[in-house]
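Please look over the sequence and the model first.

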Amino acid sequence: RHTDSVTSIAFQPGGKILASGSADLKVKLWDFAAGSEIRTLPGNPQPIFAMAFSPDGKTVASAGQDQMIQLWDAANGAELATLEGHSHIIRSLAFSPDGRFLGSGSFDKSIRIWEMPQGAPFKTLSGHSDNVLAVAFHPRGKILASASADGTIKLWDFAAGREIGTLDGHGKPVNSVAFDSSGNRMVTGSDDGTVRVWEAKE
């Protein structure tokens with residue numbers, strides 16, 4: 001078990017592994033069906049707030065208070081890369097459906113797009129006026145949504161680095177955003193106590 005708060009979890013797509021990140025600075029990989037720990041990764045040097053698996057299940061990404069993203073080999077626990085660029089806490093991570101890109105949202109008010117598998121910087125998306133709390137890729141992979149403490153959700157053509165829309169129905173920070181599997185709906189959750197469902201169009 002972890003020795004401090006568990007702050008983020010992620011399932012391996014189509015696999016048997018669960019990854020958990022904690023304020024104890026560790027990333028743990030679990031065989032969730034057996035309820036047993038597979039291994040502990042060193043984690044980040046400060047508390048971890050975000051975890052994500054690549055769509056092929058081979059790579060685990062972790063990030064948090066130290067402003068860096070670490071990429072891990074899910075099979076053997078080896079560290080693959082450390083990505084630097086944000087200037088504040090990283091609160092969210094998401095891989096694109098095809099696994100070609102990783103998106104990260106930060107308290108520096110930006111979203112960064114990294115080109116996989118090396119994690120090379122691809123785009124920086126700026127436009128929010130407060131912390132970015134969540135990011136999600138549309139299932140068809142051309143659009144990224146970001147949710148912010150500024151109370152808005154922004155939609156981005158991330159390949160072009162261009163904002164294509166802002167939704168402001170929440171009156172308080174928006175903590176989460178997700179698309180349904182069809183890509184026709186987007187759901188957001190906020191400090192205003194509501195969950196909102198939006199029609200999503202590419």
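## A covered strand

In this predicted model, strand S14 sends Ile143, Ala145 and Ala147 to one side and Leu144, Ser146 and Ser148 to the other, and all of these residues are buried. In a regular strand, side chains alternate between the two faces of the sheet.

## The neighbours of S14

S14 pairs with S13 in the antiparallel sense over 5 bridges. Within this pairing, valine 135 has serine 146 of S14 as its bridge partner. The hairpin of S13 and S14 has 5 residues between the strands, and glycine 141 there takes a positive phi near 85°.

S14 also pairs with strand S15 (residues 153-157), in the antiparallel sense and over 5 bridges. Here serine 146 stands opposite lysine 154 in S15. S14 and S15 form a hairpin with 4 residues between them, and in its turn glycine 151 has a positive phi of about 90°.

## The chain as a whole

The chain has 19 strands and 0 helices. Its radius of gyration is 16 Å, close to the 17 Å that the globule rule gives for 202 residues, so the chain is as compact as a globular protein of that length. The C-alpha trace spans about 40 × 35 × 30 Å along its principal axes. Of the 202 residues, 48% are buried.

## An open sheet

Which strands form an open sheet, and in what order? There are 4 of them, in the order S1-S2-S3-S4, with antiparallel pairing. S1 and strand S4 (36-41) stand at the edges with a single partner strand each, so one side of each has no neighbour in the sheet. Neighbouring strands of this sheet are turned by 25° against each other on average, direction ignored.

S1 and strand S2 (residues 17-22) pair in the antiparallel sense over 5 bridges. In this pairing, serine 8 has glycine 21 in S2 as its bridge partner.

## The largest pocket

The largest pocket holds about 580 Å³ of space. It is lined by 26 residues, and the closest to its centre are Met51, Leu93, Ala94, Val135 and Val177. The elements that give two or more residues to the lining are strands S1 (6-11), S5 (48-53), S9 (90-95), S13 (132-137) and S17 (174-179).

By type, the lining residues divide into 18 nonpolar, 7 polar and 1 charged. Val135, listed among the residues closest to the pocket centre, is also the bridge partner of serine 146 in S14.

Notes: Residues numbered from 1 in each chain as written. Predicted model: local features only at pLDDT ≥ 70, side-chain atom pairs only at ≥ 80, totals over all residues. Heavy atoms only, no water. 1 Å grid on protein atoms, 1.4 Å probe; cavity = no way out; pocket = protein on both sides within 12 Å on 5 of 7 lines; lining within 4 Å. Points joined across faces, edges and corners; volume = space filled by probe spheres on them. Nonpolar A, V, L, I, M, F, W, Y, C, P; charged D, E, K, R; others polar. Pairing = 2+ DSSP bridges. Axes fitted to C-alpha atoms, helices over the stretch in contact; angles between N-to-C directions. Rg over C-alpha atoms; globule rule 2.2 N^0.38 Å. Buried < 20%, exposed > 50% of the residue type's maximum accessible area, 1.4 Å probe, protein only.
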